[in-house]
Structures are given as structure tokens and as C-alpha cells.
Amino acid sequence: MKDVYILAGTRTPFSRMGSDLAHLSASDLGREATSSLLTQTGLDPAAIDEVIMGCVCQPADTANIARVIALRSGIPQHVPAVTVHRNCASGFEAITTAYERIQANRGNLYLVGGAESMSNAPLLYNKSATRKYAKLGRARTLTQRLQALTSFRPKDFSPIIGLKVGLTDPVSGLNMGETAEVLAREFDLTREDLDAFAAESQRKALASQEERAQEISAVYTKSKSIATDNGVRADSTIEKLATLKPVFDRNTGVVTAGNSSQITDGAVTLLVGTLEAAEQHGLKPLGRLIDYAHTGCDPKRMGLGPVKAIAAANHRAQLSLADADLVEINEAFAAQVLACTRALSTEGYAQQAGLDSPIGQIDQTTLNQLGGSIALGHPVGATGARLTLSALYQLQTRQQKRALVSACVGGGQGTALWLESTL
Amino acid sequence: MTSTYQNLEVFIDQQQNIAHLVFDRPDSSANIFDQQTLEETLEVCQALAAMRSLKGLIISSAKPNIFIAGADLHTLSQLEGDEMTHILKLGQKMADAIAHLPFPKVAAINGACVGGGLELALACDWRITSDSSAVKLGLPETKLGILPGWGGSTRLPRLIGLPNALPLILTGKLLNAKSALRKDLTDDVVPKEHLLNHAKNYLQHGFRTMPTFPTLHNPLSVNFIKKQAKKSLLSKTRGLYPAPLVALEVACSGVLASHEESLANERREFLKLSSDPVAKNLIKLFFLGEAAKKAKVADINPKSLEPITDAAVIGAGVMGAGIAYWLTTRGYPTLLKDLNPDALASGVHHVRNLYRSAQKKRVFTAEKAQHGRDLLSATTADVPLAKDLIIEAAVENLEIKKKIFATLAERARPDTILATNTSALPITEIALSTPNPERVIGIHFFNPVPRMPLVEIVRTEVTSEDTLARTLQFVQKIGKTPIVVKDSPGFLVNRVLVPYLIEAAVLFIKGEDPEQIDRAMLDFGMPMGPLRLLDEVGLDVGMHVAQTLAEAFPDRMHVPTMLQGMIDSGDLGKKAGKGFYLYEKGKSTTINPAALQYQTDSIQIGSRSTIAKHLNNLMKDETERCVNEGIVQSKDDANLAMILGTGYAPFSGGPLD
């Protein structure tokens, strides 16, 4: 096996849906992150073997968005590009795909990452309207045209919200928030537990603005320099969070907008390659990808994804939770992260999540130390790459050795990566 | 068809009975109409006319990017009197001969088809063009002080109607394939691979039935159209350029006269215009510009030079952003760097705004504009600067610039050209503060960068020939006209321009009416009055350059202390909303009453022409000194630079003519 390194990385700031970066498309965001990375490293883009980008809401006007981003960023035509989609782990998928390409001797330098503009998720016509528009398009005579026109009904004009259907699992029929409610019920999590976790995420994010700045490259747009994650709240408290109404189960639910991840725009890019590639291009590696695992679970309980993924990654890397100096578990929902930590450490909950027995305790002081997606936002296609980038910078800043990063995946999967700092 | 021709080839497709006339000037990338080509074309027509079996003629070019680039200006500009009349008659006869051939004619145009080239195409029944970006159609004669004299002024209005034809004839604007189709100048646009086959399809259409435009081409309408056009022409040219006005008369009377009368009219007026000094000056200027665009450094083969492929611009102010915009429009990946994130953000915004307005004006398609925007990257960080060229456009402060160049020298590659856009600071001193002074040079753009065609290339005593040659080639590649000048305070253009502006301000302070001063210079032929221009530049900026110049030439230039009052109270010009004039939303409204307070006297030196003479003499004398001191290589260079860099009255031929 070859050693595979993360050689460099950067990201755009993450901006709440409809805010600072809302007017940029996913390919605009991807180009910003890619162009910043190329500028900072001074890398000759012709040396890249392939561009691999994650994107979940792949926009209709940019099929294979990775190729569009690559060309728009000045990466020469001869470098191929592929878009990958493992839902919320698409950013991870880009990294592990590069890892596999390198192991298979396909190349030694990959530009990877993820880009997502959730602000630009489309509104769709429903099936009935689509059929009627098609009929109108085929109509040749005036009568046919009139017939087609008069067949429209008011309900045909109420659109399907792309983002809403995108965040709904078509197999179980539950939307992501509803799967979080399932976990809250089954893992005995109270509203107070979730709000306390969310407030803590906000607090940590607010306290770490400066540390996170090293991950971020400013986006210059509309005469402003956008350089900070704008989902972070200075005024978030448990008390304030307690006043929010549950979103997915109005009566008895515990999952609110405040203890869920935010809907956000952003992009991340990383260079993944071998040590030879690093030397050849004068890059100083950030860290090594030790090993990883993608695993499946019940779509109704997709939030438990990290549990089995971490177990599998531990097995592959021959490491245990105690070996992790820091842990990043994506905060899709407070309920889901807390359910995972309970499942990993507690008899009974462990079996509920499909483990034979608990595999260890995550030291809460090492978990998501800069805050997580509850404060920073979760641009689905990009988050995996952000977690990786952030974990590597944190290891460097704290002079630590190993990090475990993981995320749950809509549709019932989990991904976990073991990373090692190259100090 | 036995004789062979020098400039063209004729062959008959025996199967289809179609004649092909292919222009192919030997040892040249362009086809042009000189006397011999005209005679050969005429001869071919006479021969073809006798061939009864022919079903059509297709006229094309063997050159990849040019159909026919027009008349041979070099010869034409030497001709006078009878010789000129002869060539005019010959051109008209050639076009008529084409038009009178007893079968349909198609011009298959794949490239530039301008002036005489278009006049030939207009004599055909049909014109079809390829969709190549090299396709340009138009009649640029009036730009050179003459008019379309081989039937163009007569045929174009009859083909597309007077109201459509006049803008083309009067402005000399060239159209791309798409616009030409919209204006009916061409009948179809097809991919170049299908051009000839499609031309054959057009032969099937037979002769063209010419439109008659009864509602437009009658005395009443023509009179009205002429009046309107004349009004707008006079407001644009202030009557200083006779050619468009004469062309207007010829075109308007042409639609009401017989073909022969109109041709005679073209000849007569062309002859008059061509002997006018205005035409001579404009043609000379055209040649000077063309020469500057092709100039090279002696003994260096441009092909042997390492080309510049990417660039960084340091400083995201108006100039830096303007330069970055221009480079990206020309396909160069450009990094814009500024230490201040807000300044960088507004610089990037400026570039995007320029793209937005260019896209609105259809200079770029949406895709081209996006590509240009994408070529720009921006950073505030100390990133690697392994570029071919770095242009510094930071604040005009020698110590700051020296510091910047010290870090640039460290971060750049050893072969990176380090350029400064300074408008007055000593570049030699900057160069000598770096470890490799031979690769430091001045590339002085003018504001606004997208509109100003001139770039002063400033060589120092230590600039290497290779650096100079690569820079010259780069400036030519980005479509600007380079003039090489020596490193000396103000170089050429600012050294001449700024004292003129300051003197205009001094006249104002002494009591002259500001509008009188500005009007005087507009009448003289400057594109903008000096006080208005000073408002655009900024009084403080003008003063700064004036101070530099005063230090360098203490015997004849002085810091105009009387302007300090206006600067102190913030009447700096457009950027402050008030200078000599008041500005609202960037538009000037009236004279700034506060500025009038600074008038210390009520001296008026006389009529507008006296003012103009006084101010122009300043420019003349200073330009002369620059030539004598060797700041520029020649009088011609100085004239060209002043015209392109300041808008100095082009019809006059420049300050030294």
C-alpha cells in the first residue's frame, strides 16, 4: 500500500442560505475554492491527474460540475474530472476516491473537494405540470395549444421544493429531521440534551473564529471581502434555543432549527497525493490518510451511520477511539451525534446501533472543538472535505498526532476516516 | 482564360459551369487592391462575360483570415490629381464589371472584408460569410478622412436603405458576421467548411432583386434623414472632420441620382477630401499606429522570445483593476494582489463591473465574459508569484514601491519581468534597488485602461534588450499601441499633458471663465476640456505630478501654489463631487460656485482661439523638448503617443505637425 497525503487545502467561508454567497452558483463556489488553493500553493495545474468533486444538489445547468469547476479554475483541458455523490459524505468520497486511484497506480496528485449552493436548490414542477408542459410543447395547431393550455389546474403551479425532496429519503419516506426524531426517542435524548449540545457548538465556533481563519480563503464579491462563517451566533444560549418550536414533529418532537445543522453555501478543495508528488511540487503535507470505511445502516436511522463506520475504520486502521487526539463527527443533528456517542460507549445502546458491544468512549473535550455544522452550516457536498481540512489544521495547531473524522449519510450510510498529522 | 494572374486565380468548374475567382496576393497574409489587382480583376470579368455557358461566379480568398482588406493605402496616399482619378475610375469600373456579368455572383467571405473589399462584395448579387471571428465587414474610409469611392457610397444605401447605411459609412464601424446579418450586409452566415458549397446554393437563387425603399429614398425623407444625421455628426466632430459630412452628402444625393451620377459624385468628392491635410494626417497616423503595433527591438527575432503567458498585478486600485480586467479580456490568467481586503474586494468588483457593461454592449457573450472573470484570481496573502510578468500598480510613493519590488524580486521567478505602472516616479531608482535591475521596466497604462489605446514602455539605462523585447511583444499582443520612452520624469505624455492642465487651472485662478477655457480646447479638437479632465484626474493627483516635474525642471516648471486652496478645501474633482464643476452621480452639472471663490483676479487673455493657442504652445514646446532630449525616438512617435495618450486632435497630425 502507498501512503496517501493531504498536501494542502482551503475553503470558502460557509454562509447561511440566502446570505453573503447566495448569488454564487455551486460552480462559482467551487471555482473560488479551487482558484484560491492554486494561488496559495502556486501549483502548476497541469500536474493534477484528476479533479474529483462532491456535490449533492447537482445543478441542472452544470452536469458533471467537477469538470465545470476544473475548467473554470484554469485547470487545463487534458486533466479529467469526475463528480462523486455519496450524499452527505460526498466530500469524503472525493478524498477516498483519490486514495483508491493512487493505490491503483492511476496517478499521484488529485484535486478533490466539494461544492454546494443550497441557496440555489431549484423549485421543480410536479409530474402533472411537467406532462402538461410537454403536451404544450408538442402542440402544433391553435386548437391543440388551447387544449393543452386549458388543461392546467392551480395545483400544477405549486412547485416542489428541490431542497425539501432532496433532504427526504425516498425509501423510508422520512425526511432527515424525522430520522433525527427517531434517534432522540430511541436513545432517550431530551430537548435539553440537544439544546445544550447546540449551544455548546455555537459557543465553540464563536470562540474559534480566529483558529478557523487558517482554513478559509476570502471570497471577494459585491465589493466586499467575505472571510468568516456567518452561521455562528454570538447570542446563542440554552434558554434562547428552548424557545424554538420543533420543526418535524410539532407536538412531541425535540428537533428544532436550533439543534440541527444549518442550510448553507460553501466549497472546499484539497490536494491529495503521494509524498513524491509533494516533493516534486514543493508542497508540505498537512497529514496522511491512514485508512477509512464507508458502511451502511438503516435509512430510518441514518444518523447512526458513524457508529458502524467508526468501528470498521478502527478495524482497518488497527486503532481504537483512545488513539484519537481529536474527533470530528458531523453535526447533522444534535440528536444524531449524541445518539452515536451513546451507541459507541454504552451497553444496550451499542446493540441497538448494531454493534456487538460498546467500542469506547469519546472524550467530549476532544469532540468538534471548533464547533460543528450546527454553528457553521452543512453544505452537504462539501462538509466531508471541511471536516478533514479542519481536523488536519487542528492537529497541527495543537501539535497532536491522530484524528478521527466521521459523518452520517442520508439514505443510511456512514463514513469514517483516520488521519495522521505529519509534523 | 489563358493568361496567368499575379494576385488572383480563376478556374472554371466545368461540370457545374461555375467560375471561381480566388484572390491570393503573393508573399502576403492579406489581399489588397492595388492597381494591378484591380486591372487583373477587370480583365477576368471581361473574359468571363464572354463565356455564354457560365451559370455563376463565386468570389473568395485563399487567405485564412482575410477576404480583401481594402485598397492599397500606401500607394493611394501618394496619388494626386489625374492619377487619383484614374484609380478611382478603375475601381468603380471593376465593381461595375462584376455587377454587370450576365450571371449571378456570390461573394463567399471568410475574414476581413473592408473598404474596397466590401465595395467589391457589394457589387455581387449575394454575400455569404463564415461564422469565423475573423469576419469583419465595413467601410472605414471616413476614419481616414476619405470616403468609399469605388461605388460603396452609392451601392450600400441602395442595398440596405439609407438609415442603415449611414451609420456604417459615417462612423466606419466594422461588423462581425452576426451583426452584418442583422443589418442585411450579408445574406447568410455558415461554418467556414460549408462556405463554398453554400455559395453554390445561392447561385441557384439567380439575380438579386434590389429593394426600392420608396418611403425612405424620396427627396422629402432623404432631406429629413440628412438633417438628423448632420446634426449628430456636428455635435460629435465639431466640424473638425470633413469626411463624414461629405460622405453624408454623397450617400444622400446618391439614392436620388442615377448610378453614374452618383459614381461621378464619389470621385469628385474623394479627390477633394484626399488632398485635404486632414486626410493626409489621419492616414499617416494610421500607418504610424500599424507600425507601432508591429515594432520590434532591433536584431531580436520576436519568434525567439519567451512569450508571456500569465501575470500578476500588485495593487487593486482603479489602475490595477483596469489592467487586470484588460489582461483577462485578452486571455491572460491574472492574479490581483492587494494587502487590504476591502481595496481588493472593490478592485475585483470594478473588474466584474467592466465585464458586466461590456457584456451589455455585446462586446462579450455571457460565456466569454464568465471566462474572462474566471481568469482573475485575487489574494491578500504572500503567495508564490512564479509568473511571467508582474505589474505593480500600487500607491505612487517611491519608498513603498521600492519595498514592494524587494519582495517581488524574492517571490518571483528569476526570469519574471517586474514592471511598474508608475506615471512619474524614477524607475531606474526602483530597478537599482532590486537584485536584477535588468528585468525591471515601466509599463505605463492610461486611465481608463479599457479605452486608452496607448501604453508607454519605459526603459531604464539598465533594462535588458530581452526584457524590452518581451514587454514590447506583450503590449502588442494585448492589443495596445506601445511607444518606447526613456525613464525621465513624467515620461512623455504626462510631462506634456500635466503642465498644460495646470496652466489651464492657473488661467482659471487668474480670472478666466472655466467654460471658456474648456470650450476653447474642445474647438481646438481635444476630446475634453482641460479643467474637466483635471476634475477627472483629480486636482491632487495632477498637483503631485506637477510637483515631481517642478523638481526635475526647476527652470521652467513651478508648483502652482495658487491651486493649493482648492485642494485644501477638498474641491478635488469628480471623485469629491466637486472640482471646477459640480458632479452628481458621476455626471457634471454646473460650474462649482465655490471654485469661483478662488479666482484671485479677473484677467482674461482673450478669445477662445487665443486661449487655445496659448495652451497648445505649451504642449508643442514640451513635446519638442522631449524629442530633442531623446525621451522618444522620433517626432512621429511623439505625435502618435500624444494623440493616443491624450486624445490630442488627431486631424492635426499631432503637436509637432
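Here is a quick tour of the sheets, the chain contact and the nonpolar core in this structure. Keep in mind that the model is predicted. It scores ipTM 0.93 and pTM 0.93, and for chain B the mean pLDDT is 95, with 100% of the residues at 70 or more.

**The three-stranded sheet of chain B**

- Another open sheet in chain B has three strands in the order β4-β6-β8, and here the pairing is parallel.
- Its edge strands, β4 (66–68) and β8 (136–138) of chain B, each pair on one side only.
- Neighbouring strands in this sheet are turned against each other by 15 degrees on average, if you ignore direction.
- Two bridges link β4(B) with the parallel strand β6 (residues 112–114) of chain B, and B:Ile68 has B:Cys113 in β6(B) as its bridge partner.

**A hairpin in chain B**

- Strands β18 (residues 581–584) and β19 (residues 587–591) of chain B run antiparallel, with three bridges between them.
- B:Tyr583 has B:Ser588 in β19(B) as its bridge partner.
- The hairpin of β18(B) and β19(B) has two residues between the strands, and B:Lys585 takes a positive phi near 50 degrees there.

**Where the chains meet**

- Chain A puts 14 residues into the contact and chain B puts in 18 residues.
- On the side of chain A that touches chain B, the elements giving two or more residues are α1 (26–41) and β9 (224–226) of chain A.
- The largest share of that side, four residues, comes from α1(A).
- By residue type, the side of chain A that touches chain B splits into three nonpolar, seven polar and four charged.

**The nonpolar core**

- The largest nonpolar core holds 320 residues, and the members touching the most others are A:Val112, A:Val272, A:Ala335 and B:Ile390.
- Helix α19 (residues 493–509) of chain B gives the most to this core, namely eleven residues.
- Setting aside neighbours within four places in sequence, B:Ile390 has contacts that include B:Ala311, B:Ile314, B:Leu385, B:Leu408, B:Thr416 and B:Ala419.

**Zooming in on B:Ala546**

- B:Ala546 is part of helix α22 (residues 539–552) of chain B.
- It counts as buried because B:Ala546 has 23 C-beta neighbours inside 10 Å, where the cut-off is 20 or more.
- Leaving out neighbours within four places in sequence, B:Ala546 is in contact with B:Val498, B:Ile502, B:Val559 and B:Pro560.
- B:Ile509 is 37 residues away from B:Ala546 in sequence, and the two are 16 Å apart in space, C-alpha to C-alpha.

Methods: Residues numbered from 1 in each chain as written. Chains lettered and ligands numbered in written order. Predicted model: local features only at pLDDT ≥ 70, side-chain atom pairs only at ≥ 80, totals over all residues. Pairing = 2+ DSSP bridges. Axes fitted to C-alpha atoms, helices over the stretch in contact; angles between N-to-C directions. Contact = placed C-beta atoms within 7 Å. Nonpolar A, V, L, I, M, F, W, Y, C, P; charged D, E, K, R; others polar. Core = buried A, V, L, I, M, F, W, Y, C linked by C-beta atoms within 7 Å. Buried ≥ 20, exposed ≤ 12 C-beta atoms within 10 Å, placed from the backbone. pLDDT = per-residue confidence, 0-100.
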